[in-house]
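Here is a short briefing on one protein model. Please look over the sequence and the structure first.

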Amino acid sequence: RVVKPLINALKDDNAWVRANAAKLLVKFKDPGAIEPLINALMDSDEHVRMYAEAAIAGEADELYQNKNYKNAMYLYDAIIESPIYKSKDEKAAYYYIKISKCNEKLRGLRKAKSALKKALEFTREKATKTFIGASINLLDVKLGNMEIDSLPDILYKFADAEFGIPGNLKDILDENEKFAKESEESANKYG
């Protein structure tokens, strides 16, 4: 009942009203507010865009956690395609990494690799670059572009990145590292 007036308030002439509507919509997590919030990413006011991004990212993260990768990727894409990310930004790298992981889960390994390459363009952090590079190598193993015997080097890179990587990427690093370890163990066992 409260969400509909807030969605309408996203179209108000007053930027303060729009920003506060977006800010409140973050708290309600109503799926019906997503498309209006995506439109709010194009708002002329920075605060409106910032709160719209927070709401959409929260919903995308929740979808990702619930293994709804297709819809999560749609929301991450909406954020990354907005004017907010025309400049290089660490948060953009995060969204590209999440897009990559969604593609990977949906079996789009080449698209996943492409998104990671884009993430590399947006980060300046050494640990994040190391993590992304190792993740690209891991995808190359999955694609058959690299030999399985490169896994120890990939694991070393993951270990090197582990202490400097932002907390919001830790779960992906852990997942990639686990897959690499299991693949290495399997190769040693059967190879």
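**Start of the chain**

Val-2 sits in the segment before helix H1 (3-9). The model is a predicted one.

*Surface patch*
- Val-2 has a relative accessible area of 47%, so Val-2 is partly exposed. The band for that class lies between under 20% (buried) and over 50% (exposed).
- Together with Leu-24 and Phe-28, Val-2 forms a nonpolar patch on the surface.
- The three residues of this patch have about 260 Å² of accessible area together.

*Overall fold*
- The protein chain has ten helices and zero strands.
- Its pattern along the sequence reads α-α-α-α-α-α-α-α-α-α.
- The C-alpha trace spans about 65 × 30 × 25 Å along its principal axes.
- Of the 191 residues in the protein chain, 47% are buried.

*Helix pair H7 and H8*
- Helix H7 covers residues 109-122, and helix H8 covers residues 126-143.
- Their axes come within 10 Å and cross at roughly 165°.
- Angles over 145 degrees count as roughly antiparallel, so H7 and H8 are roughly antiparallel to each other.
- The crossing of H7 and H8 is left-handed.

*Ala-187*
- Ala-187 belongs to helix H10 (residues 170-190).
- Its relative accessibility is 23%, so Ala-187 counts as partly exposed.
- Ala-187 and Gly-108 lie 79 residues apart in sequence. In space, their C-alpha atoms are 24 Å apart.

Definitions and conventions. Residues numbered from 1 in each chain as written. Predicted model: local features only at pLDDT ≥ 70, side-chain atom pairs only at ≥ 80, totals over all residues. Heavy atoms only, no water. Patch = residues over 30% accessible without salt bridge, like charges linked within 9 Å, V, L, I, M, F, W, Y side chains within 5 Å. Areas by Shrake-Rupley, 256 points an atom, 1.4 Å probe, with all protein chains shown as cover. Salt bridge = Lys/Arg side-chain N within 4 Å of Asp/Glu carboxyl O. Helix = DSSP H or I, 4+ residues; strand = E, 2+ residues; numbered from the N terminus. Buried < 20%, exposed > 50% of the residue type's maximum accessible area, 1.4 Å probe, protein only. Axes fitted to C-alpha atoms, helices over the stretch in contact; angles between N-to-C directions. Parallel < 35°, antiparallel > 145°, perpendicular 65-115°, else oblique. Left-handed = near helix turned anticlockwise from the far one by under 90°.
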